[in-house]
Amino acid sequence: MSYGRNSEVTGFVRADGRKLRNGAGEELLLRGVGFGSWLLPEGYMWKFPKEGDRPRRIEAMIERLIGKEKAEQFWDSYYNRYVAEADIARIAEEGFNSVRLPINARFLLDERGAANGGIPAYREERVGLIDRVIDWCRRHRLYVILDLHGAPGGQTGANIDDSEFDRPELFTVEANWRQTVELWRMLADRYKDEWIVAGYDLLNEPLPEWFSSLYGRVMPLYREIVRAIREVDRRHMIILEGVHWSTDWSIFAEAFGDEPLDDNVLLQFHKYWNNPDTESIDRYLQLRDKWNVPIFMGEGGENNKDWYTGAFRLFEDQEISWNFWTWKKLSATNSPCSIRTPEGWGLLVDYLQGGFKPSAETAERILGSYLDNMRLADCEYRPEVARSLLRRAPVRIPAVFYGYKGEGVSFGCASGESEAGVGARVGSGAEQGIDVGFRTGDRTAIRFVDSERTTATFAHGGGEEWEPDQWLCLELSAGDWFVYDFIGDDRDPQAELAVRLKLQAVGETGKLAAELDGRALGCVDAQGEEWRTYGEVDLGAVGPGDHSLKLRCAEGSLRLIWLELLSIARQ
């Protein structure tokens, strides 16, 4: 176990004002990963084009290639292998305490349609797959969030909800509405006594803005679902997402007034491809205070590891539960598990785009290799991704991702101006005319390292590294200090760490002093105006748990691009 976080997993989770509490009454932050592409396969996680961008299109392709019977065998194997107990155990070992489990209603609904006077019929063997993961999570102490990612008819009208016609027919077809309510009633009745289930995420990302004419239907559906759940289950937390990719909470304006929706609610937002700063989430923080509810960054990721070290620290410092998207996908550098690409995979991609149809034998071989490769033991495992999310050493942290707890706690800026000819006063980027559009409220001096750009960009959806002209640096004058929190690695409690820094003196010289948990470590003397890597300041044996590294400009002025916490071996 890492950092003892799995010991937090005990008893039913409940909202208590702005906090979450576990069954022991202790404050809790959910820190988890999502199982994207398991029960709702997403084409981009298969490296497929638009013609194979959702479950029904992928299913149709596979059936055309290998026939109905073998396609059914493929999917049985797929659902049983994509998430196995080994995955659950590894997630717990890494120090996460929860998982978000996306569900496609069509995966559960019996093709024979409704039965018993309009009540939907379900495929018991497929509901059993959810049962099994819940059992594994109880064993390994991970809370489970049930997420209706693809509602009957589609709540989004896009590939992500398995829509047939790219329309949100959940809100326009009465039968879909009824099936959704009854689906949640069934799930709540089935899991009402399962404390390991943290809550029910009623709808993933309902209604982008181009379907805003239907916004008025979301809250009535939420209320009806909650009533159905509460008829059978009074204990589980209700998790609500806003509209437009779960970023717009305007629909909740009346949810916490005279007729509150429920007294055990967690509000969820999603965050992708934008600034990891307090300004970007300020509207959610304000509404948390106004409505006195806990909030949850329920889906974010699909970026690079450097972004993760900033974004997920932001959530931690602002006491926001979070869930990373996603645990496993094909040929990835930015998920913990990367499924190795089978030989011949490009033949399937070409076929989807109108190319030559592979023989059944060839397709079976390719798909069989895919099934073999998705087992955790056969994936390319990338521990550095988990370390970036949790800020667990060893890890690299861009300098501009210092703490998010505000001035006086996470940073301090000296007054006055830097030496003549060296530059304007560090600590107030706005005063210097250096507004790169990032962390503007802190008034710290954040600059581009070497760029013609004027605005910071963090849109790196494929996990690609920042280009040289996208890197930012932090400028420090004498007396300025910045704090970088991280956790030690309890797999080797005696491990010794050092910090390496990418620095530039602004002027002839500068001196940077380091402290760990209030203990002085030493200084780095930067010489000249060339960017250099300075290393390493010895941190000593850093045990498990939370640690704070404070960097202070002791003399002159400096610019810092990144710091890297390294494990060091003693002879």
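The following dialogue examines selected features of a predicted model.

Student: On what basis are the residues and values given?

Tutor: Residues are numbered from 1 along each chain as its sequence is written, and side-chain values use heavy atoms, with hydrogens and water left out. Because the model is predicted, local features need pLDDT of at least 70 and side-chain atom pairs count only at pLDDT 80 or more, while totals for chains, interfaces and linings use all residues.

Student: In the open sheet of 3 strands, which strands stand at the edges?

Tutor: Strands are DSSP runs of E of at least two residues, helices are runs of H or I of at least four, and both are numbered from the N terminus. Two strands pair if DSSP finds at least two bridges between them. The sheet has the order E1-E2-E3 with antiparallel pairing. Each edge strand has a single partner, so one side of each lacks a neighbour in the sheet; these strands are E1 (14–16) and E3 (27–28).

Student: Which residue of E2 does alanine 15 stand opposite?

Tutor: E1 pairs with strand E2 (residues 19–21) in the antiparallel sense over 3 bridges. The residue opposite alanine 15 is leucine 20.

Student: How do the axes of H1 and H11 lie relative to each other?

Tutor: Axes are lines fitted to C-alpha atoms, for helices over the stretch in contact, with angles from 0 to 180 degrees between N-to-C directions. Those of helix H1 (residues 55–66) and helix H11 (residues 345–352) come within 11 Å and cross at roughly 110°. Angles under 35 degrees count as roughly parallel, over 145 as roughly antiparallel, 65 to 115 as roughly perpendicular and the rest as oblique. H1 and H11 are therefore roughly perpendicular.

Student: How many residues of the contact of H1 with H11 are nonpolar?

Tutor: Contact means heavy atoms within 4.5 Å; H1 contributes Met61, Arg64 and Leu65, and H11 contributes Leu348, Tyr351 and Leu352. Ala, Val, Leu, Ile, Met, Phe, Trp, Tyr, Cys and Pro count as nonpolar, Asp, Glu, Lys and Arg as charged, and the others, Gly among them, as polar. The contact has 1 charged residue and no polar ones, and its nonpolar residues number 5.

Student: What sequence separation does the salt bridge of arginine 190 with aspartate 131 span?

Tutor: A salt bridge is a side-chain nitrogen of Lys or Arg within 4 Å of a carboxyl oxygen of Asp or Glu, and the closest N and O atoms of this pair are 2.6 Å apart. Arginine 190 lies in helix H6 (residues 174–191) and aspartate 131 in helix H5 (residues 124–140), so the pair ties together parts separated in sequence by 59 residues.

Student: Is arginine 447 buried or exposed?

Tutor: Arginine 447 meets glutamate 475 in a salt bridge (2.3 Å, N to O). Arginine 447 lies in strand E17 (residues 446–448) and glutamate 475 in strand E18, so parts 28 residues apart in sequence are tied together. Buried means under 20% relative accessible area, exposed over 50%, and partly exposed in between (1.4 Å probe, protein chains only). Glutamate 475 is buried, and arginine 447 is likewise buried.

Student: What is the relative accessible area of leucine 476?

Tutor: Leucine 476 is found in strand E18 (residues 472–477). The C-alpha atoms of leucine 476 and isoleucine 446 are separated by 9.5 Å. Leucine 476 is buried, with a relative accessible area of 2%.
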